[in-house]
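Biologist: I am new to structural terms. Please walk me through some of them.

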Amino acid sequence: MLKDRLLNDFKLFIPIIDLRPECLFLVKRLKDSYNVPFSELSSKLFLLPDKDLNISVVVSTPISSDVSEDYLTNIEEYRNYLAERGWKNVINVYLDDSTLWNISDTLKLLEIGGDIQQLRRRWLFQPAELLQQEVERIETERYQMNLVSKSMLPNISIKESLLTASSPNLSRQASIPLVLDVLDIGCGSGRDCAWLLSRDSKIACKPFFNPIGPKQDELFASLLWRVTALDAWPGALERLHAVACHACVPTDQLRLVHAQAEFNSGMFVPVTREESGDAAKSSEIGSDDVVTNEERLSNANKLEKKRSLKTIKLEKKNQKAPRTHNSGAAAAVVTATVEDEPTTMRPPSSVTLPISVSPSVSTFLSIPPPIHPNVTTKPPHKAIQSIRRIAASNPSANYPLFTSTSDLQFLNSESNIFDLILCVRILERALSPRIRALLRPGGFVLYCTFLDLEGTRKFGRPTGERHLLQRHELSQLHFGPSQGFEVVRDDVSTLPDGREVSMFLARKL
């Protein structure tokens with residue numbers, strides 16, 4: 001019976017996805033359900049829970065014989081549609097009709113109206129397990145330290161802030177929200193970022209003692225997260241941008257960074273269009289593989305070899321052309337090559353390319369080409385173009401987007417600017433010195449990535465020491481007492497597939 005199915009879903013905390021148009025969802029819905037309109041589902045599958053979880057859905061069918069993109073023709077088609085895309089555990093499919101709403105109302109499982117922003121932030125997915133477990137500790141400790149330093153309360157004293165909040169005629173909440181900064185390296189589709197941006201934290205703080213006044217109740221200060229999301233795959237940033245727009249995240253709370261770490265220097269560098277494609281192939285959202293920038297540089301070297309072959313062919317082709325001096329010939333070769341490939345594909349000067357080329361090609365690889373009026377470089381990746389296009393037409397979607405070398409200076413040269421740095425399922429050891437510099441005193445680094453242990457070896461991927469952490473490696477070589485950190489947690493968690501993942505959290509002293 002419908003009543004029993006509804007009660008079972010809520011008893012077992014099964015996520016309920018409402019596939020109806022948002023206008024219908026806002027009027028009434030099942031308790032705690034989340035709306036992803038069916039017409040947008042194909043581009044927002046990353047918002048759904050993990051594929052191995054049981055789910056239920058609420059759907060509509062067209063009243064007339066006309067079928068639009070908002071509907072499928074029958075209930076089983078919805079079930080099949082989700083199964084074909086990996087969500088095979090669809091427990092119940094509820095049809096939008098009077099029977100559903102009458103029974104849910106009787107069971108007190110019906111919601112009517114509500115705040116659209118809060119409803120859009122009712123995520124069905126969960127953040128990294130360690131982040132979920134430790135976020136309250138991080139928020140409380142960072143609040144306490146910043147309260148003392150007053151770095152988070154501009155233009156007002158801490159005493160004034162708390163006394164204002166303690167006034168019986170005003171709110172019991174501090175009037176200025178406290179802000180914490182987080183850098184998510186390898187943000188993926190942005191689940192951790194979206195979860196932090198949606199938090200509405202209240203930190204308890206003791207009122208100042210007043211010997212002649214009445215006893216004050218406990219006060220609460222509100223806390224917000226300001227996110228810097230970094231990824232080499234532009235598609236990941238495009239997804240996070242869409243999530244932020246949908247959730248009405250203010251533009252001053254999110255920064256998008258399209259960059260990667262240079263493995264030999266540990267600095268953040270721009271990503272070329274070709275490398276963006278390589279990242280897309282190996283860093284798909286939901287992938288369990290760890291992608292290092294060494295692999296991306298290897299791909300860049302392969303592309304550079306192809307460019308060299310093109311250059312050699314062009315040299316042979318231009319041998320019959322009249323030349324006044326060698327430098328002019330070299331310039332001609334350079335110009336022709338640049339027209340084929342963007343100049344940004346040239347690897348860093350400190351990298352030796354594993355290829356054998358002619359002297360003129362070696363000159364091309366080591367010397368920047370001259371600016372030529374007819375040279376046209378390839379446009380940015382289509383995902384980056386999409387973000388910029390949406391931002392240009394909608395000011396509320398104009399989140400800062402960093403893509404160039406000058407844009408990345410704040411990550412490569414500044415220090416003490418983040419309260420938390422996340423490294424979830426990403427491993428780049430060369431970044432450790434930069435992470436240590438970027439963290440504020442008292443800030444936290446959180447690492448969740450695969451360990452070189454029996455379960456991971458048996459599963460078969462990822463493989464190799466470049467991709468896998470050794471047990472206690474982080475606490476001994478990167479973020480331990482010798483590096484000026486206090487290790488808060490250094491545990492191991494086992495995934496359902498048997499692979500071991502680090503659960504590491506350390507505080508900068």
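Biologist: Where is H472 found?

Modeller: H472 is found in the loop between α17 and α18. Helices are DSSP runs of H or I with at least four residues, strands are runs of E with at least two, and both are numbered from the N terminus. One caution: this is a predicted model, where local features need pLDDT of at least 70, side-chain atom pairs count only at pLDDT 80 or more, and totals for chains, interfaces and linings use all residues. Residues are numbered from 1 along each chain as its sequence is written, and side-chain values use heavy atoms, with hydrogens and water left out.

Biologist: Why does H472 count as partly exposed?

Modeller: Buried means under 20% relative accessible area, exposed means over 50%, and partly exposed is in between (1.4 Å probe, protein chains only). H472 has 34% relative accessibility, so H472 counts as partly exposed. Its phi is positive, about 70°, although H472 is not a glycine.

Biologist: What makes D32 partly exposed?

Modeller: The relative accessible area of D32 is 45%, so D32 is partly exposed. D32 lies in the loop between β2 (28-30) and β3 (34-35). Phi of D32 is near 65°, a positive value in a residue other than glycine.

Biologist: Why does T228 count as buried?

Modeller: T228 has 1% relative accessibility, so T228 counts as buried. T228 sits in strand β9 (residues 219-231).

Biologist: Which side chain makes a polar contact with the side chain of T228?

Modeller: The partner is the side chain of R255, at 3.0 Å. A polar contact is a pair of N or O atoms within 3.5 Å; within protein, one must be able to donate a hydrogen and the other to accept it, and residues adjacent in sequence count only if both atoms are side-chain atoms.

Biologist: Why is α1 called oblique to α4?

Modeller: The axes of helix α1 (residues 2-11) and helix α4 (residues 98-106) come within 10 Å and cross at roughly 60°. That angle makes α1 oblique to α4. Angles under 35 degrees count as roughly parallel, over 145 as roughly antiparallel, 65 to 115 as roughly perpendicular and the rest as oblique. Axes are lines fitted to C-alpha atoms, for helices over the stretch in contact, and angles run from 0 to 180 degrees between N-to-C directions.

Biologist: Which residues make the contact?

Modeller: L2, K3 and L6 of α1 meet T99, L100, I103 and S104 of α4. Contact means heavy atoms within 4.5 Å.
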